[in-house]
Amino acid sequence: MICIFFWLTRTNLGSKSKRHKLSKKQNVLQVEDRISNLPGNLISRILSSLPTKSAVATSVLSTRWKQFWTLVTSLEFDCRKVCFLNSPYFHFQFVQSKFSCYSRIFDQVECRGMKHVQEMDSELPVFPNLTSLVLGAGYVGWEWLSQFLEKSPCLESLVFKEGYQSDHYRDEYYEEGDSEGDDKPLLCRPPENVPSCLRSNLKIIKFVNFQGDDGELKMVEYFLKNAEVLGAAGLAVAKQQLEVTTNLLMLPRSSKTCQIEFVIRRYNFCTGSFY
Amino acid sequence: MASSIENNNEKLTLKSSDGEEFLVEKHVALQSTLLQNMLDSDCSSADVIPLPKIDARTLALVLGYCKKHADASSSKQGELNSFDSEFLKDMDMGALFNLVLAANFMEIKGLLDIAAQKIADTIKDKPHQEVREIFHVENDYTPEEEAAVREENRWAFEGFP
């Protein structure tokens with residue numbers, strides 16, 4: 001909180017000279033920028049009432065708005081593939097994992113038209129108010145995710161809208177015989193460090209399109225093992241995968257109150273989504 | 001039951017920043033968490049509660065909202081919803097900002113929600129230049145900086161005017 005205030009004060013100072021210049025040209029009352037001067041909690045509330053894409057797009061309004069969107073309480077990255085390819089966080093994932101298991105998939109992406117990947121300033125900002133994160137992309141990597149969780153100390157709810165379909169993407173990007181033997185590029189190890197939100201805030205985790213592959217099982221295992229105050233883990237599974245569920249129930253849980261809930265996945269053709 | 005009716009009839013006086021006094025029924029004032037906390041902790045023994053950040057015009061609007069919500073029974077949710085959408089309908093931006101700040105200060109969650117949503121709706125789906133003009137936000141990016149911001153989050157600007 002102190003950080004936000006410091007940052008707001010700092011940005012405040014930065015804009016004063018510009019505003020002064022403008023006031024010579026026009027009546028001060030007419031040009032008063034009230035929205036940029038709202039307290040951080042109100043800016044957070046307003047931007048949280050916007051879809052994630054619109055909230056992020058406000059970064060172009062002025063230099064003060066560049067980081068305002070990071071004050072939101074919820075983010076929903078629902079853009080499946082294409083738009084994620086251009087986000088700095090996607091680049092971040094690339095840079096962070098240049099020598100790790102993800103590099104090959106990103107080589108592929110680069111071949112498909114990605115430029116300037118390494119030149120991007122890919123530092124993830126802190127999301128001080130973020131309580132809800134919805135990921136609509138199935139290929140979110142551990143590197144990216146653990147960094148993101150590290151930057152979201154208040155996170156209470158994490159939803160994988162498309163599950164964690166590492167195999168799906170592997171099949172798509174790799175040709176037959178491309179990954180042989182022990183070389184399984186997409187099955188990364190979960191990080192050893194545990195982000196602070198897992199220790200104290202994360203209460204809900206959901207996999208809407210749970211396929212039960214190794215990557216997903218590792219992900220669930222990690223959260224059950226490390227999320228100390230987890231209240232509910234919800235998994236929407238296809239009927240034929242119910243056998244996976246018995247294995248999941250055996251996994252160790254650090255939260256004594258955690259309930260694992262299985263839902264038979266149904267597709268809603270009206271909304272185009274599961275549940 | 002009798003005592004709660006008696007309590008409901010209690011009144012308190014709020015004073016706006018420009019010195020106007022408003023006599024408010026207690027159950028109406030309780031829509032504000034700030035006033036509720038003051039009443040609970042007995043800070044309200046003073047005859048008049050000053051609200052130095054809220055002018056009379058704004059306070060009248062706020063209390064109108066609180067009265068409607070305090071008097072309506074829970075079965076009239078539909079009526080309240082239409083009241084809420086009418087409440088902010090033709091409000092100018094200056095009044096809306098006064099209102100959102102007052103709701104924030106007095107901690108009136110419902111009013112805060114609809115006022116913030118109204119501001120968000122004004123931003124949503126509009127070209128950025130239009131948003132800047134509506135809110136008098138000065139674009140202090142250099143063209144190069146603005147291009148870099150757009151590039152950094154290119155996905156967010158796809159399909160934007």
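What percentage of the 275 residues in chain A do buried residues make up? Buried residues make up 49% of the 275 residues in chain A, where buried stands for under 20% relative accessible area, exposed for over 50% and partly exposed for the range in between (1.4 Å probe, protein chains only). This is a predicted model, in which local features need pLDDT of at least 70 and side-chain atom pairs count only at pLDDT 80 or more, while totals for chains, interfaces and linings use all residues. Residues are numbered from 1 along each chain as its sequence is written, chains are lettered from A and ligands numbered from 1 in the order in which they are written, and side-chain values use heavy atoms, with hydrogens and water left out.

**View 1. The interface of chain A and chain B.** The contact (heavy atoms within 4.5 Å) takes 41 residues from chain A and 36 residues from chain B. About 3,700 Å² is buried between the two chains, and carbon and sulfur atoms give 65% of that area; buried area is the accessible area (1.4 Å probe) that two parts lose on being put together, summed over both. On the side of chain A, the residues that lose the most area to chain B are R34(A), V60(A) and L61(A), which together account for 18% of what that side buries.

View 2. Between chain A and chain B the rule finds one salt bridge, a term for a side-chain nitrogen of Lys or Arg within 4 Å of a carboxyl oxygen of Asp or Glu. In a salt bridge, the side chain of R45(A) meets that of D113(B) at 2.4 Å, N to O.

**View 3. Helix α3 of chain B.** In this helix, residues 33-40, the residues L34(B), L35(B) and L39(B) are buried. They lie on the same side of α3(B), because they cover an arc of only 130 degrees around the axis, the arc being that of the directions from the helix axis to the C-beta atoms. The buried residues of α3(B) pack against β1 (11-15), α2 (26-29), β3 (48-50) and α6 (93-106) of chain B. Helices (H or I, at least four residues) and strands (E, at least two) are DSSP runs, numbered from the N terminus.

**View 4. S32(B) in its loop.** S32(B) is found in the loop between α2 and α3 of chain B, and S32(B) is buried, with a relative accessible area of 1%. Not counting residues up to four places away in sequence, S32(B) touches M106(B), E107(B) and I108(B).

**View 5. Salt bridges of K67(B).** E25(B) forms a salt bridge with K67(B), with the closest N and O atoms 3.4 Å apart. E25(B) lies in strand β2 (residues 21-25) and K67(B) in helix α4 (residues 56-71) of chain B, so the pair ties together parts that are 42 residues apart in sequence. K67(B) also forms a salt bridge with D71(B), the closest N and O atoms being 2.9 Å apart, and both residues lie in helix α4 of chain B, four residues apart, about one turn of the helix. E25(B) is partly exposed at 24% relative accessibility, as is K67(B) at 38%.
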